[in-house]
Amino acid sequence: MAKKLVRFDWAMKRLLCNKANFDILEGFLSELLREDFKIKQILESEGNKATEDDKFNRVDILVENQKGELVIVEIQNTREADYFQRMLYGTAKVIVEHIAEGQAYSQVKKVYSVNIVYFDLGQGDDYVYHGTTTFIGIHSHHELELSEKQKELFKKTSVSDLYPEYYVIKTNRFNEVAKDTLDEWIYFLKTAEIKDEFTAKGLKAAGQKLDILKLEPADRKEYDRYLESQRSDASFVETVNLEITTAVNDALKTRAEEALKKGFAADIVAEITGLAMEEV
């Protein structure tokens, strides 16, 4: 039986920045990055700040691991057409802010951008995407590699290791069938539930610490306000989509009427407008 828990996006902003709860976020990042992940500290970023008029449409935290690498974890609830560019801007901003003036470029920190989105970003049939930077010869088609001296200097094995890496988790594309431990986490991200049989790192801690019933009264009130905000936003989007669909259908029917008056055959009108023959 699945236990109902606080949603991860609310917990990330309100609870996971607490050192006592690092094990939850460490578990998630360990499963995603496929290596043991230990948080050294939560760094200050604009998304860490909670304000009374916060619309809850996105949250993000900036993490430094024990290797000095930086990880941006961002959750986006509302659709943004330019979200890909925002991912790029976010990594660039973090890189610039975490290199001191006068430092060599070799001191640029590795950045991972982890994006959990609750809308259909771009086009694709998968629910987890991983993006890296590689350089391929336009004639030989061979990948540009680091020299042995560079590998020793940077402590990296490939050029792509030097550049930001991007992860996109499209929760709405997940069919809620967990085939591995990362899927168990995505199940939780989508449903705010953890099944008894799940074994992914961090989920046991999440099950214990993110129980809605264990929230302090003030936190419970804040969480309820958050859920209401989410429902309001979802209702607004649904209303707008319905209005757009209705307007489009009305316009198509008007066109169909004009075409029929001009003597076009019904089957031709149906093909042009996309309306069903019964509607024509």
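Buried means under 20% relative accessible area, exposed means over 50%, and partly exposed lies in between, with a 1.4 Å probe and protein chains only.

View 1. Buried residues make up 39% of the 280 residues in the chain. This is a predicted model, in which local features need pLDDT of at least 70, side-chain atom pairs count only at pLDDT 80 or more, and totals for chains, interfaces and linings use all residues. Residues are numbered from 1 along each chain as its sequence is written, and side-chain values use heavy atoms, leaving out hydrogens and water. The chain has eight helices and eight strands. Both are DSSP runs numbered from the N terminus: helices are H or I with at least four residues, strands are E with at least two. Contact means heavy atoms within 4.5 Å. Among contacts with a separation of 6 or more, 64% join residues 24 or more positions apart. The chain exposes about 16,900 Å², and carbon and sulfur atoms supply 52% of it. Accessible areas come from the Shrake-Rupley method with a 1.4 Å probe; for residues, only the protein chains shown count as cover.

**View 2. Helix α2, residues 22–33.** This helix has twelve residues. From first C-alpha to last it reaches 16 Å, close to the 16 Å expected at 1.5 Å a residue. The expected span is 1.5 Å times one less than the number of residues. Is α2 enclosed or open to the outside? Eleven of its twelve residues are buried, so α2 is largely enclosed by the rest of the structure. Among the buried residues are F22, I24, L25, F28 and L29. E26, E31 and S30 are buried as well.

**View 3. α2 packed against α5.** Two packed helices are described by the angle between their axes and the distance between the axes. Helix α5 covers residues 181–191. It packs with α2 at an angle of about 130°, and the axes are 9 Å apart. Axes are lines fitted to C-alpha atoms, for helices over the stretch in contact, and angles run from 0 to 180 degrees between N-to-C directions. α2 and α5 are therefore oblique to each other. Angles under 35 degrees count as roughly parallel, over 145 as roughly antiparallel, 65 to 115 as roughly perpendicular, and the rest as oblique. On the α2 side, I24, G27, F28, E31 and L32 make the contact. On the α5 side, the residues are T181, L182, W185 and L189.

**View 4. R34 and H141, two loop residues with positive phi.** R34 is exposed, with a relative accessible area of 52%. H141 is in the loop between β6 (128–131) and α4. Phi of H141 is near 65°, and this residue is not glycine either. H141 is exposed, at 58% relative accessible area.

**View 5. P164 in its loop.** P164 lies between α4 (148–154) and β7 (165–170). At 14% relative accessibility, P164 counts as buried. Which residues does P164 touch, not counting those up to four places away in sequence? They are T91, I95, V111, G131 and T133. P164 and Y112 are 52 residues apart along the chain, yet their C-alpha atoms are separated by 5.6 Å.

**View 6. F84 in helix α3.** Helix α3 spans residues 83–97 and includes F84. F84 is partly exposed, with a relative accessible area of 44%. Leaving aside neighbours within four places in sequence, F84 is in contact with L121 and G122.
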